[in-house]
Amino acid sequence: MSEILMPKATAVWLVDNTSLSFEQIADFCGLHPLEVRGIADGEVARDIRGADPIGNGQLTREELDKAQGNPNYRMKAQVSRHAELLKPAKKAPRYTPVSRRQDRPDAIAWFIRHHPEVTDAQISKILGTTKATIEQVRNRTHWNAANIKPVDPVTLGLVGQLELDALVKKAAEKKAKEDAKRGIVAEDPTLRPATETAYLTEEEQEERDIRASRAEPKAEDVFGSFSGNVDDEDDED
């Protein structure tokens with residue numbers, strides 16, 4: 001049986017305009033016979049306007065007449081032209097402009113370095129690349145391996161920031177669940193927000209390392225150590 005549009009509205013029309021049994025209407029509309037009975041009694045779908053299945057192309061007059069003449073006959077729905085129009089369009093593969101395609105290996109390297117939890121399938125989908133290319137970048141067998149450097153795909157203009165953050169979050173949650181099943185507790189999570197893992201130049205990275213290595217100053221370092229006794233000085237005066 002084909003799925004029909006607006007099953008309850010169709011059932012309302014069939015109840016009001018035909019002599020079909022509740023079972024026949026229920027079978028055609030994908031409802032329970034008791035629900036169809038409730039429609040007939042005015043207890044269900046009270047505010048729903050009936051939809052003519054013949055007028056919208058989901059049922060032929062011949063099928064309806066045959067079913068009304070034989071209570072054991074089950075009607076077969078037709079493929080509706082409206083149903084075809086309402087079918088969700090299949091998402092087309094991500095298109096990457098020719099001018100940006102040489103940047104994809106850099107983006108792949110960024111994922112491999114900063115977010116290893118993101119699967120190859122996810123990288124392939126979001127960047128519009130192939131798993132073979134990802135493997136070549138990972139193993140450094142890519143034809144341009146010498147010039148590949150990790151660069152944030154948002155900076156490269158390959159993806160949007162919100163889309164990237166959503167992917168990173170999804171990968172983090174999946175990894176956390178898998179680790180929990182294995183009894184692994186991550187002390188230092190490697191998956192950070194994408195905004196915290198943007199590509200840095202060597203100078204910026206060096207400056208960040210220097211700042212991180214600096215120890216917090218102690219009070220003695222700022223004011224100097226004091227070993228004297230205030231009370232003793234007062235006594236001398």
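Guide: Let's start with a term: a contact means heavy atoms within 4.5 Å. With that in hand, residues 24 or more positions apart make up 64% of the protein's contacts that have a separation of 6 or more. Keep in mind that this is a predicted model.

Visitor: How much of the protein counts as buried?
Guide: That's 30% of the 237 residues.

Visitor: And why does Val168 count as buried?
Guide: Buried means under 20% relative accessible area. Val168 has 5% relative accessibility, so Val168 counts as buried. Val168 sits in helix H10, residues 161-182.

Visitor: Over to the start of the chain. Which residues of helix H1 are buried, and what do they pack against?
Guide: In H1, residues 7-17, the buried ones are Ala9, Thr10, Ala11, Val12, Trp13 and Leu14. The buried residues of H1 pack against helix H2 (22-29) and helix H3 (33-40).

Visitor: Why are H2 and H3 called roughly perpendicular?
Guide: Their axes come within 8 Å and cross at roughly 110°. Angles of 65 to 115 degrees count as roughly perpendicular, and H2 and H3 are therefore roughly perpendicular to each other. The crossing in which H2 passes H3 is right-handed.

Visitor: Which residues make that contact?
Guide: From H2 you have Phe22, Glu23, Ile25 and Ala26, and from H3 there are Pro33, Val36, Arg37 and Ala40. Sorted by class, the contact of H2 with H3 has six nonpolar, no polar and two charged residues. Glu and Arg are in the charged class, while Phe, Ile, Ala, Pro and Val go with the nonpolar ones.

Visitor: How many aromatic pairs does the structure hold?
Guide: One.

Visitor: What makes the pair of Trp110 and Phe111 edge-to-face or stacked?
Guide: Two things to check. Ring centres have to lie within 6.5 Å to pair, and planes over 60 degrees apart count as edge-to-face. For Trp110 and Phe111 the centres are 5.2 Å apart and the planes are at 80°, so the pair is edge-to-face.

Visitor: Are those two residues buried or exposed?
Guide: Trp110 is buried, and Phe111 is too.

Conventions:
Residues are numbered from 1 along each chain as its sequence is written. This is a predicted model: local features need pLDDT of at least 70, side-chain atom pairs count only at pLDDT 80 or more; totals for chains, interfaces and linings use all residues. Side-chain values use heavy atoms; hydrogens and water are left out. Buried means under 20% relative accessible area, exposed over 50%, partly exposed in between (1.4 Å probe, protein chains only). Helices (H or I, at least four residues) and strands (E, at least two) are DSSP runs, numbered from the N terminus. Axes are lines fitted to C-alpha atoms, for helices over the stretch in contact, and angles run from 0 to 180 degrees between N-to-C directions. Angles under 35 degrees count as roughly parallel, over 145 as roughly antiparallel, 65 to 115 as roughly perpendicular and the rest as oblique. A crossing is left-handed if the near helix is turned anticlockwise from the far one by less than a right angle, and right-handed if clockwise. Rings of Phe, Tyr and Trp (its six-membered ring) pair if their centres lie within 6.5 Å; planes under 30 degrees apart count as stacked, over 60 as edge-to-face and the rest as tilted.
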